Amino acid sequence: MSRAVILGTGSCLPKRIVTNAELEQMVETSDEWIASRTGIRSRHIAGQGEQNFQLATKAGRRALAVTGIDPQDLDLIIVATLSPHMIMPSTACFVQAELGAENAFAYDINAACAGFTYGLDLASNYIQNRPDMKILLIGAETLSARVNWQDRNTCVLFGDGAGAVVLGGTNDERGVLGSRLHSDGALWNLLCMDSPESNNPDLRTDDWVGPHIRMNGGEIFKHAVRMMEDAVNTLLRKHGFTINDVDIMIPHQANIRILKNLRERLGVAEDKVFVNLSKYGNTSAASIPIALDEAHRQGRLHRGDLVLLCTFGGGLTWGSLLLRW
Ligand code: UT7
């Protein structure tokens with residue numbers, strides 16, 4: 001059976017780096033608090049010429065360059081994002097136009113921070129049915145446009161950026177082996193962001209608080225650790241692996257203490273977990289593909305390695321995915 005294999009990776013971070021010291025000038029916080037509670041030391045924040053689709057396009061172009069695949073040979077472009085350039089058309093359509101990928105159809109998905117992993121599962125299913133497909137999957141966010149910069153509970157956590165992978169079919173041992181994805185919409189209000197205020201007066205509500213990220217950090221923390229642990233263990237068991245078989249784990253980068261808790265519960269060695277959170281903060285759907293690209297460029301991924309992704313985000317959405325590099 002054909003499987004979806006990652007043929008190339010790419011990423012793009014905005015030029016401007018905002019340190020914790022700079023945030024101290026904006027809200028009542030400190031470098032010490034942010035670094036010790038989250039592990040974040042700086043984040044990249046988008047400026048002119050760095051709209052979501054522009055970061056996404058650059059990341060996509062870099063991933064394509066690694067593979068030598070021409071944009072015209074792409075069949076599909078998927079962008080995972082919760083901060084799209086516009087509500088309509090999709091960010092993926094902007095990327096398609098920028099790349100000149102005129103033979104590809106294009107659409108966005110939103111599974112919050114879990115979007116890239118959901119997208120990889122989706123792309124993998126396409127390729128199992130049509131192994132000749134070439135798919136560009138991108139996670140891209142400009143969350144700086146959506147956070148409330150007066151809310152210290154959230155504004156210190158997030159960053160902007162994009163990561164991309166190009167996928168094709170293979171019949172060798174490589175590729176996506178399986179995934180375990182979950183959602184629990186009943187817990188929507190633990191992490192959410194309102195839409196713009198309604199233009200229809202009859203649909204306006206009194207409790208509209210602005211289109212900003214709102215979060216119950218403590219509850220999210222507890223759910224994140226437990227749910228990712230369960231998703232990883234269930235997936236490993238299903239495929240007859242133990243955590244010791246995993247060569248590298250690339251988790252969603254949200255909080256260093258979440259990762260430490262998860263690592264200890266799973267019993268995975270620290271040097272097997274890829275972490276770049278201190279430089280970028282939480283880039284939501286972009287965090288795993290940025291990390292994948294960085295791990296690849298650092299020579300941390302070798303052919304045949306068993307790679308474990310795990311993720312968690314608003315929805316709630318969470319899950320794990322195994323692939324052979
Ligand atoms: O992709 C998934 C997205 N979300 C997450 O992964 C978030 C998961 N949760 C977390 O990362 C952590 O819960 C936070 C980093 C958000 C918060 O850490 P915490 O250790 O759970 O702190 P807390 O919310 O219990 O707050 C402790 C104190 C509070 O003050 P009081 O009430 O004890 O006086 C907060 O008001 O820290 C205060 N605080 C801050 N102080 C300085 C909250 N934010 C800040 C801040 N700077 N930026």
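These legends walk you through several close-up views of a predicted model.

As this is a predicted model, local features need pLDDT of at least 70 and side-chain atom pairs count only at pLDDT 80 or more, while totals for chains, interfaces and linings use all residues. Residues are numbered from 1 along each chain as its sequence is written, and side-chain values use heavy atoms, with hydrogens and water left out.

**View 1. The protein chain is assigned two domains, domain 1 and domain 2.** Domain 1 covers 3-172 and domain 2 covers 176-324; such bounds come from an automatic or database domain assignment. The C-alpha centres of domain 1 and domain 2 are 14 Å apart. To their contact, domain 1 brings 51 residues and domain 2 brings 44 residues, where contact means heavy atoms within 4.5 Å.

**View 2. Domain 1 and domain 2 bury about 3700 Å² between them.** Buried area is the accessible area (1.4 Å probe) that two parts lose on being put together, summed over both. Carbon and sulfur atoms carry 64% of the area buried between domain 1 and domain 2. In domain 1, look for C113, T117 and Y118, which lose the most area to domain 2 and together make up 17% of what that side buries.

View 3. Several elements each supply at least two residues to the side of domain 1 that touches domain 2, among them strand 1 (3-12), helix 5 (115-129) and strand 7 (161-170). Helix 5 gives the most to that side, with 7 residues. Helices (H or I, at least four residues) and strands (E, at least two) are DSSP runs, numbered from the N terminus.

View 4. T29 places a polar side-chain atom 2.7 Å from a nitrogen atom of the ligand. From R152, a backbone N or O atom lies 3.0 Å from a ligand nitrogen atom, while a polar side-chain atom of R257 lies 2.9 Å from an oxygen atom of the ligand.

**View 5. Cis peptide bonds and a positive phi can be found in loops.** M88 and P89 are joined by a cis peptide bond with omega about 0°, and P89 sits in the loop between strand 4 (76-80) and helix 4 (91-99). Another cis bond runs from G315 to L316, with omega near -10°; L316 is in the loop between strand 12 (306-313) and strand 13 (317-324). A112 is not a glycine, yet has a positive phi of about 50°. You will find A112 in the loop between strand 5 (105-109) and helix 5.

**View 6. D31 and R41 form a salt bridge through their side chains.** Their N to O distance is 3.8 Å. D31 belongs to helix 2, and R41 to the loop between helix 2 and strand 3, 10 residues apart. The structure holds 13 salt bridges.

Key: Polar contact = N/O pair within 3.5 Å; in protein donor to acceptor, adjacent residues only side chain to side chain. Salt bridge = Lys/Arg side-chain N within 4 Å of Asp/Glu carboxyl O.
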